[in-house]
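Please view the sequence and the model first.

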2 protein chains.
Amino acid sequence: MRWWGWGDPNHLSALDEHILGHLRATVGVSDRPRPPVALAAVRLAPCRVHRRALDALALILPAGGVRTDHLARVLHAAGKGYPDLLRLRAGEPQLSPDAVLYPSSEDQLRSILALCERESIAVVPFGGGTSVVGGLTPLSGEHAAVAALDLTGLGQITRIDRQSLMITAQAGMRAVELERQLAPEGLTLGHFPQSFEYVSLGGCAATRSAGQASTGYGPFEDMVLGLGMITPTGNLNLAGYPASAAGPDLRELILGSEGTLGVICELELRVRHAPQQQLYEAVLFEDFPAGCQALRELAQEHTAPTVLRLSDLQETRLSMVLAGGGALKSALTGIYLGARGHRDGALAILGFAGSEVQVDVQRKRVLELVRRHGALALGGKPGRAWARQRFSGPYLRDDLLTHGVMVETFETATKWSNLARAHRNISESVRLALGHPQSPVLVLCHVSHVYETGASLYFTVITRQREGAELEQWQTLKQAAAEAMIDSGATITHHHAVGTDHARWMGDEIGQRGVDTLRALKVELDPAGIMNPGKLLP
Amino acid sequence: MRWWGWGDPNHLSALDEHILGHLRATVGVSDRPRPPVALAAVRLAPCRVHRRALDALALILPAGGVRTDHLARVLHAAGKGYPDLLRLRAGEPQLSPDAVLYPSSEDQLRSILALCERESIAVVPFGGGTSVVGGLTPLSGEHAAVAALDLTGLGQITRIDRQSLMITAQAGMRAVELERQLAPEGLTLGHFPQSFEYVSLGGCAATRSAGQASTGYGPFEDMVLGLGMITPTGNLNLAGYPASAAGPDLRELILGSEGTLGVICELELRVRHAPQQQLYEAVLFEDFPAGCQALRELAQEHTAPTVLRLSDLQETRLSMVLAGGGALKSALTGIYLGARGHRDGALAILGFAGSEVQVDVQRKRVLELVRRHGALALGGKPGRAWARQRFSGPYLRDDLLTHGVMVETFETATKWSNLARAHRNISESVRLALGHPQSPVLVLCHVSHVYETGASLYFTVITRQREGAELEQWQTLKQAAAEAMIDSGATITHHHAVGTDHARWMGDEIGQRGVDTLRALKVELDPAGIMNPGKLLP
């Protein structure tokens with residue numbers, strides 16, 4: 001992973017002159033490129049962990065298991081949120097871990113937590129490193145130092161139960177590696193967030209992740225049957241029963257705990273038979289409300305396809321530009337202009353997965369329903385184009401940052417009866433808060449997860465960076481977005497989690513009694529407060 | 001509700017001479033009937049609540065809202081578990097509430113909890129009164145007295161959101177009354193436990209109830225989107241978002257809390273369009289393992305019907321006897337004897353619900369799959385017979401008690417790969433623990449809820465009561481069953497909850513760290529410990 005941005009260091013820029021030209025004409029771009037500084041120029045504070053403690057940690061861990069070198073500390077200094085990238089690219093991370101620890105067994109994990117508690121070292125569990133909400137910021141809280149706990153060494157599948165369609169895996173395993181190992185078994189987990197190529201299973205559990213196919217496979221929390229968490233006060237091991245009425249479901253307290261209660265070390269997960277066929281296609285609704293109405297019916301009739309995404313007018317327009325002279329544009333301008341006499345619309349991607357018969361039956365039912373809502377079928381090309389690009393959005397963000405363009409995303413969910421209002425209020429609030437005559441703001445939105453009772457809304461905001469005040473600009477955006485969500489009766493996050501960025505709105509989300517309850521839970525499991533301080537709770 | 005047993009006082013006995021004769025020949029029955037004592041003969045301890053506190057409660061509540069009369073105290077002295085009935089019928093309830101309180105608003109609820117905390121009065125929330133695990137036993141814990149909090153007065157639907165298929169209802173509302181009010185709207189909740197005619201919504205949430213149609217509609221916890229709970233330390237109000245990643249899911253802490261943390265007062269629930277058609281039919285598998293295999297495939301291919309139950313050989317045999325000369329027996333003896341040359345088998349009930357087209361399509365797929373597993377279709381008659389009798393089991397239990405026959409049920413769930421072993425171990429352990437040469441034991445079992453990863457097992461044990469040692473006999477059964485479940489890797493309860501009966505095995509279920517975590521949450525929300533003491537936690 002690039003220390004200053006997303007993904008594979010060898011990835012080539014996808015930002016061609018066509019896209020850049022469009023951005024220059026709409027939001028504006030910087031006159032000169034603003035690349036990241038060199039790695040050596042990144043400024044870190046001196047390591048604060050005592051030699052004595054480092055030696056003790058080295059005795060617990062295998063050779064190379066304690067690192068305090070520049071690269072390790074930079075790579076664990078932040079997640080991949082917009083402010084993280086701003087700071088890293090400038091060579092000034094907000095903070096950095098004093099040490100990075102690489103355990104490879106649960107015993108080592110237990111010993112690390114005991115030692116860190118004794119030595120007053122805060123611990124930040126670190127999986128794929130993809131948090132976009134400040135969940136990995138190495139805050140030391142009231143402690144003398146802070147260590148990142150890199151879980152890469154806990155990366156195995158330990159059991160496959162084909163009959164029950166359950167597997168047991170260690171928390172540091174990457175989702176992409178899990179799928180690679182399940183493929184020869186004819187199995188799949190089915191969890192494909194945009195960050196799929198990097199996320200770890202423990203990270204997905206700790207943040208209640210949802211993937212692009214979660215309409216079909218369910219959000220990550222629905223896949224988790226059993227959990228093992230090591231806390232500073234002992235192990236919480238919850239066996240994976242298919243269902244139980246034995247009291248409150250403690251798994252649901254570990255899911256979403258964001259490393260603040262302990263380290264998730266093992267997961268029992270539901271898997272499924274890998275689909276024989278996967279098929280993506282696109283349809284175009286006349287407008288966003290018509291598309292939402294169709295999505296609602298699909299969800300409530302239990303016929304929603306595995307992947308179901310609906311872009312609003314603004315996002316559909318930009319998709320056409322990004323597609324260049326490609327399939328989507330010709331489809332849109334050709335079919336839609338011809339049929340309707342205007343070129344706007346709301347693009348939907350439908351992804352089907354299953355046996356050939358299942359896909360065929362479901363596809364017919366879905367297309368029939370969306371046609372009843374006025375949708376035009378655009379065929380497979382735009383769908384396949386989406387599928388090819390489905391994990392590459394974060395690369396584009398890096399390229400845009402180089403050209404002085406801010407790209408930030410945030411997301412929410414609300415019930416169907418409230419969706420149109422939330423979409424309007426949030427879009428409008430963000431536009432008002434950020435925009436001024438010299439700097440237009442693009443606010444794009446799509447629905448990406450549907451439920452019987454409601455849906456998610458995923459916003460992308462694109463505007464010219466306010467040079468020299470980039471962080472203040474971002475804070476303005478976050479505040480406007482969060483307050484608009486709360487005012488609109490929508491959750492402050494559907495699948496990005498809380499981290500540092502959303503912590504101050506937790507009282508709005510679950511009430512003061514809810515916040516106090518979570519605090520009491522933390523005091524019980526982590527009385528010294530070493531686990532990921534400053535996250536989740538205000 | 002009968003004070004000494006189940007249901008409508010005017011219900012007529014269903015125990016005909018045919019069934020009694022069969023029981024006489026198998027497990028044996030008492031020589032003379034053992035009816036319950038008269039109401040006036042039920043012995044209660046004197047009310048321990050101070051006059052001063054009663055007067056203060058009367059000021060909080062509407063007229064008639066504080067009762068200390070004999071009938072009210074007897075009616076709230078217990079749930080409907082086997083030991084509850086033993087004691088009530090003998091006129092010696094284990095305990096009785098000192099007073100019964102009938103709030104009709106949340107403000108009254110808050111005031112009651114504050115007063116009870118001040119006056120050291122324990123509080124047992126009381127919904128439909130149907131707990132079969134001692135969840136309603138009026139234990140006072142360390143307090144001076146105990147009051148039952150009857151929630152009948154909080155029984156309204158307060159909001160219907162047709163677009164989101166969500167309703168808001170008060171916790172005291174009965175499930176049967178909710179369905180009655182939803183029917184004209186064309187909506188249904190779809191929660192039909194055997195206790196459907198009495199259970200309250202709050203009770204279903206507090207105990208993680210599952211219904212006979214939960215394979216189609218999901219267990220009760222899946223229907224709950226939002227929750228309001230009044231605790232002695234304030235309100236926990238959780239809004240009903242379709243999904244959220246804003247930290248641990250506190251709803252899952254309230255679900256299953258069994259009144260030990262506070263009083264659930266309001267629920268936001270997912271509803272569905274009422275099905276146009278409902279259709280029940282029966283099929284017969286050659287044996288239980290063949291049936292389990294088919295159920296597993298139905299669950300894992302997502303084609304399971306709304307109701308799906310599979311009886312083992314023992315339960316199938318008794319079903320034939322209970323059906324007398326009826327449809328099931330003639331179907332079984334006719335079709336099955338003719339086709340297979342022997343009369344044993346594993347009976348399955350399939351219930352379909354949906355539009356005519358949906359039912360038709362699904363029925364074809366299901367019948368095709370079960371036929372591949374060797375099932376014979378028995379047609380609609382045995383299915384409809386089951387549907388007619390689906391809520392009447394508890395009446396039969398009362399009748400059998402009168403004849404000195406013990407009937408106890410318990411249930412569990414485990415993963416598919418473990419189901420056969422758990423079925424065998426639990427059946428055998430119970431038979432060994434209870435049986436002796438003079439007193440045979442019938443152990444019947446069915447699967448009633450299926451999941452992708454596993455299924456429930458619901459056991460019914462029928463044997464002659466050990467007269468004079470009925471409670472000891474029951475304790476022997478409970479212990480044997482629970483220990484066999486734990487040894488078999490199965491949960492101690494799938495949908496009956498914990499109450500007093502299963503509390504001592506919670507450490508086996510969630511570990512000592514899990515128990516301590518629940519205790520810490522209780523201390524946070526109910527520091528004085530007035531809420532339903534002695535339940536859930538050992």
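B:K364 is exposed, at 53% relative accessibility; buried means under 20% relative accessible area, exposed over 50%, and partly exposed in between (1.4 Å probe, protein chains only). The model is predicted, so local features need pLDDT of at least 70 and side-chain atom pairs pLDDT 80 or more, while totals for chains, interfaces and linings use all residues. Residues are numbered from 1 along each chain as its sequence is written, chains are lettered from A and ligands numbered from 1 in the order written, and side-chain values use heavy atoms, without hydrogens and water.

B:K364 forms a salt bridge with B:D360, that is, a side-chain nitrogen of Lys or Arg within 4 Å of a carboxyl oxygen of Asp or Glu. Both residues lie in helix α14 of chain B, 4 residues apart; helices (H or I, at least four residues) and strands (E, at least two) are DSSP runs, numbered from the N terminus. B:D360 is partly exposed, at 36%.

Over all chains there are 50 salt bridges, including these:

| Pair | N to O distance |
|---|---|
| B:K364 and B:D360 | 3.2 Å |
| A:R270 and B:E452 | 3.6 Å |
| A:E428 and A:R431 | 3.7 Å |

The pair A:R270 and B:E452 crosses between chains. A:R270 is buried, with a relative accessible area of 9%, and B:E452 is buried at 14%.

B:Y458 lies in strand β18 of chain B and is buried, at 12%. Its side chain makes a polar contact with that of B:T409 (3.3 Å). A polar contact is a pair of N or O atoms within 3.5 Å; within protein, one must be able to donate a hydrogen and the other to accept it, and residues adjacent in sequence count only if both atoms are side-chain atoms.
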